[in-house]
Amino acid sequence: MTALGAPGFPERAIRARARNGTAEVFPDPATYGTQLYGPRTATAVDELDRARIVPPVFMPQRLEKLIDLAREPEFTDVDLSTRVGGFTARLPLYLSAFGSTRAGSGDLAVHASRQAARLGIPTVIGENMIPVHGYRRAGDATRSALLARVEAYLDAAPDGTGGIVVQQSTEDADSEVWNLLYSDPAFRPLLETGRLAFELKTGQGAKPGLGGMTVVDRAEAEQLARRFTVSDVLDPDGGRRLRCATPGTFTDEILRQQLRFMRNNFPKARTWVKFHPGRDIAHAARTAWAAGADAVTVDGAEGGTGWAPGVFLDHVGLPLAACLRRIGRPDGCLLASGGMWEGGRAVRALALGATAVGLGRAALVAVDEDPEHGLERLVDGIALELRLLISALGKYTVAALDPEDLWWPEGHAPLPAATDPVGATP
């Protein structure tokens with residue numbers, strides 16, 4: 001009996017993929033020979049899903065591959081390996097940030113980290129883990145939630161692939177999280193192999209402009225009140241309290257200074273920055289790359305997993321497709337998250353300039369279905385779809401994808417990349 005739900009998300013399909021893996025990429029084989037197949041019921045839920053993936057008739061890159069291989073290329077010849085924010089990844093995927101929420105900071109997150117390591121993809125550890133859950137120090141036998149994820153990842157990661165990314169927000173900075181981790185011997189294997197990154201979090205897709213939020217009981221509220229704002233708006237007469245983190249204040253100059261600080265103080269760690277889907281996202285991304293960020297993560301308004309007010313989930317922030325189109329051709333590594341769970345949506349984001357896409361809710365649902373191999377089976381299906389789709393386009397690397405590989409229905413034509421100082425689009 002499962003405990004985790006994901007309303008509004010294709011939870012049933014994700015759970016089926018977590019159980020059955022690549023078999024779910026195709027129709028039920030039991031219907032072969034007795035059923036005629038055509039387009040299924042429309043499943044588009046946002047603008048990115050409305051774009052069609054359109055192979056050309058003439059494929060010069062397939063000819064190049066044919067000459068190179070001295071045979072006709074197949075989908076198995078597609079190379080999905082890529083560089084993700086300075087890390088070597090076997091696939092153009094990463095595990096999105098799970099912060100200090102109950103669903104994202106417990107055993108499910110540990111299982112997800114272990115499977116992400118076996119898959120050879122980076123994993124991001126979200127904000128407020130140490131301010132909320134604490135950290136193991138010398139002489140303390142308690143295993144922290146953050147270190148449990150790191151240890152699980154290190155135990156399973158192949159040599160030379162993947163990496164750990166640790167976010168820091170305002171409350172994390174007050175706790176000097178990055179300083180603590182950078183000097184901890186437990187992180188030395190990551191530093192020595194170039195597989196540690198720090199991510200400056202400025203926002204998230206679930207609640208643009210707000211900080212992290214969780215539900216805590218009365219006892220937790222009393223413990224956390226020194227570092228967070230705690231409110232009784234949820235249950236004034238009961239035991240539930242809303243714990244709120246601050247979002248931080250950023251201008252382009254503050255961002256540049258923050259990234260300069262990260263690069264100077266933690267030279268062996270990669271430098272990432274995460275943005276919410278703001279209207280000036282193009283300007284923000286360009287500012288980060290110009291300041292030396294190894295990766296810019298854009299969380300579309302479709303992003304989830306975190307606790308957020310309903311009005312933010314339904315009405316606030318740009319859709320991921322609009323973010324990607326406003327950014328246009330990226331100046332560096334661009335990571336995209338928001339509603340990812342299958343290969344078609346991933347290919348669309350990659351064609352619009354993303355280097356890799358993040359799995360958040362889908363990863364947690366898959367691990368909830370099968371803690372040992374659910375995420376691996378889900379990703380196996382995505383990888384198969386990526387190879388099939390990319391080869392159908394006559395291409396054999398992720399980097400070869402291009403906006404021309406997409407067709408947009410009338411009324412959903414791509415917007416031009418922003419050129420003005422704040423990234424507004426005419």
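## Strand β14 and its partners

Let's start with a pairing: strands β13 (residues 334–337) and β14 run parallel and are joined by three bridges. Within this pair, Leu 335 sits opposite Ala 356 of β14. Bear in mind throughout that this is a predicted model. Helix α15 (residues 343–351) belongs here too, forming a right-handed β-α-β unit with β13 and β14.

Strand β14 also has a parallel partner in β4 (residues 93–98), again through three bridges. Here Tyr 94 has Gly 358 of β14 as its bridge partner.

## Two faces of β14

Which way do the residues of β14 point? Ala 356 and Gly 358 point one way from the strand (residues 356–359), while Val 357 and Leu 359 point the other way. Every one of these four residues is buried.

## The nonpolar cores

Nonpolar side chains in soluble globular proteins tend to be buried together. In this model, the largest nonpolar core holds 97 residues. Those with the most contacts inside this core are Leu 146, Leu 181, Phe 187, Phe 198, Val 273, Val 296 and Leu 375. Helix α17 (residues 374–392) is the biggest contributor, giving seven residues to this core. Another core, of 13 residues, lies apart from the largest one and includes Val 84, Ala 89, Val 124 and Ala 356. That brings us back to β14, where Ala 356 stands opposite Leu 335.

## A closer look at Phe 198

What does Phe 198 contact, leaving aside its neighbours within four places in sequence? Its partners include Val 166, Trp 178, Leu 181 and Tyr 182. Also in contact with Phe 198 are Met 262, Phe 266, Ala 269, Arg 270, Thr 271 and Trp 272.

Technical notes:
Residues are numbered from 1 along each chain as its sequence is written. This is a predicted model: local features need pLDDT of at least 70, side-chain atom pairs count only at pLDDT 80 or more; totals for chains, interfaces and linings use all residues. Side-chain values use heavy atoms; hydrogens and water are left out. Buried means under 20% relative accessible area, exposed over 50%, partly exposed in between (1.4 Å probe, protein chains only). Two strands pair if DSSP finds at least two bridges between them. A crossover is right-handed if, with the strands pointing away from the viewer, the path from the first strand over the helix to the second runs clockwise. A nonpolar core is a set of buried Ala, Val, Leu, Ile, Met, Phe, Trp, Tyr and Cys residues joined through side-chain atoms within 4.5 Å. Contact means heavy atoms within 4.5 Å.
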